[in-house]
Amino acid sequence: MLDGDQKQVQRIVESQSWVKEIIAERNENVAQTVASAAECVAQKEKKYASSLPSKAMLEAVKTATGLSYQEIISQKGPSPLCEDDISRWLWDWGEKIEKLAEDFPLLKDVCKGLKKNQFTAAMFVAGGLMMTLMTRCTYRFYHRPEELRRLNNSTLIIGDPASGKSFATRLFKLLAAPIVAADRLGKDAINAYREQMRTKGANKEKPKKPKVIVRVHPARTSNAQFIQDMVNSVEEVDGQPMQLHMLTFDTELDNTVTVQKGGSWIDKQSLELKAFHNEEDGQAYSNNDSILQDFYVTWNFIYTGTPIALKKKVNEQNFGSGLATRLTCIPLPATNFEMMARESKVDFESDDRLKAWAEKLDRMKGELSVQKIVDELYDWTARRMMDAKENDSKADEMLLKRCAYHGLNFSAPFIVMRHWDKMHQEGDFWCGAFETDEVDWRLAELITNIQYACQRHYFGAMAEAYFDNKLKDASVNVQRKSRTIEAFNRLPEEFTIDDVMRCFGVSIESARVRASRLMKDRLIIKLEEFKEKGQYKAKYKKTSVIML
């Protein structure tokens, strides 16, 4: 387990209370015992290297784990604390979302009619749509705080066919309604212009193409049309021109991936990559429809699709592009032959609340006062980065870096709604400063944890293969467990610092630091302090089965 590290083995053995008693009784030379055992293992002596554990040990293992010794060493049978048990996590996240709905009541309307393990997908779809409504809002992040950030998302809801992805269509129709309604005038003007162009004779004066705002685009949109509409979608906000976000929603990611591989709407991956940070792009084509210009990419997109479609979009061959860490990929679980709850009446009030909030958020502007959330996200990232360093995992480091953006972007609309009484109206727009608190941070923290867990679930193996420079079969996505997670899983439900030293294989000082980090992440709580052999000790308890 410790890869033959004799010093570490000796340190852990000497920390055991029963070994301390033997040392006190007969001045046992532990170093010599460890060295002797290591030598025997190295020589592959049958006595140490190949014999089975004792009968009593075999029975104890069976009683404790429910698995035979042979099943364990051959890695057969389910692990009760599997790192990637995403199905179980979805139920856990659903329960947390249900509790947070007491403080963020619109979550109840967002998740209406869904099972708890579908709440996560609904929250992210709604968050993506609502942050697009808040396109006129900005915030400052801990990375380059001098730069005003926008609320960006690239969301994929991944589930098998007939797994209940239709909820996303309901949310789009209700929450995107203000943007769709505003587009109607622009679409009518463009269609009228095209009709005039078709009916004008060769010698007639051609009409001038109107400059209108159209923000909602289907997946089947030519690049020239999309870019021109994006550049045209400019509005004056607080005396400054602001380019509003485009929005694309499609229920068939499989079809979207296919149509973007040919025709005039060919492959928008360059735009997808630059949209997450609103990076600068440009075009210089010779055809008349493509104006020579530079532009910033402001585009939020939400697709639902199957795991097969996701593999087409992100795979080992294109993983290095960075698209994976920009995507928010949320799993939608299988229905397992369960019917939806039958509703006795149509809940128009729930739909009306979603529409009403959509109208309000569509009239929001200004810089969001979320600095406390940004500070907490910095600390969260620092703790995860320490885990990645301890695990020597470049893959975790890569998947971690953008999680904080997702946590803030998706939580921002719900936080704004919670503090709506602090807002005031200036002309047609709402704005105002507010103070975030621990409740707001709990939502942002949950979303950030979900993003990181889903990143590891979908892209962990590809990230490791990327850094190991290996080509693997694209259908295989088996990720090795990190030592940190394995150590956390080995901790009993109630434990002391001595248990932390034993399970993590660290010194007492490092164990105390580890316990402090786990408490900050709400993974454990301190139950009590007691005195043992003249020293003060503490007992802790796990509060979660998930260690990120």
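Author: Start with R418. R418 is partly exposed, with a relative accessible area of 25%. This is a predicted model, in which local features need pLDDT of at least 70, side-chain atom pairs count only at pLDDT 80 or more, and totals for chains, interfaces and linings use all residues. Residues are numbered from 1 along each chain as its sequence is written, and side-chain values use heavy atoms, with hydrogens and water left out.

Reader: Why is R418 called partly exposed?

Author: Buried means under 20% relative accessible area, exposed means over 50%, and partly exposed is in between (1.4 Å probe, protein chains only). R418 has 25%, so R418 is partly exposed.

Reader: What makes D437 and R418 a salt bridge?

Author: A salt bridge needs a side-chain nitrogen of Lys or Arg within 4 Å of a carboxyl oxygen of Asp or Glu. For D437 and R418 the N to O distance is 2.9 Å, so the pair qualifies. D437 sits in the loop between β13 (429-431) and α21, R418 in helix α20, 19 residues apart. D437 is partly exposed too, at 33%. Elsewhere, salt bridges that share partners join R383, R384, D387, E390, R514, R517 and D521 into one network.

Reader: How many salt bridges does this rule give?

Author: The count comes to 37.

Reader: How do you know that K313 and E272 are buried or exposed?

Author: K313 has 8% relative accessibility, so K313 counts as buried. E272 has 1%, so E272 counts as buried. Their side chains meet in a salt bridge of 3.0 Å, N to O. K313 is in helix α15 (residues 307-313) and E272 in helix α14 (residues 269-275), 41 residues apart. Helices (H or I, at least four residues) and strands (E, at least two) are DSSP runs, numbered from the N terminus.

Reader: What makes D238 and K365 a salt bridge?

Author: Their N to O distance is 2.6 Å, and that meets the rule. D238 has 54% relative accessibility, so D238 counts as exposed. K365 has 11%, so K365 counts as buried.

Reader: Why is I308 called exposed?

Author: I308 lies in helix α15. Its relative accessibility is 59%, so I308 counts as exposed.

Reader: What makes a nonpolar core, and how many residues has the largest?

Author: A nonpolar core is a set of buried Ala, Val, Leu, Ile, Met, Phe, Trp, Tyr and Cys residues joined through side-chain atoms within 4.5 Å. The largest has 111 residues, and those with the most contacts inside it are W93, F167, L171, L368 and F459. Helix α21 (residues 438-468) gives the most to this core, with 14 residues. A second, separate core of 18 residues includes L491, F495, I524 and A538.

Reader: Which residues does L368 contact, leaving aside its neighbours within four places in sequence?

Author: Contact means heavy atoms within 4.5 Å. By that rule L368 is in contact with M134, C137, T138, Y139, L151, A412 and V416.

Reader: At what angle do the axes of α20 and α21 cross?

Author: The axes of helix α20 (residues 403-418) and α21 come within 8 Å and cross at roughly 145 degrees. Axes are lines fitted to C-alpha atoms, for helices over the stretch in contact, and angles run from 0 to 180 degrees between N-to-C directions.
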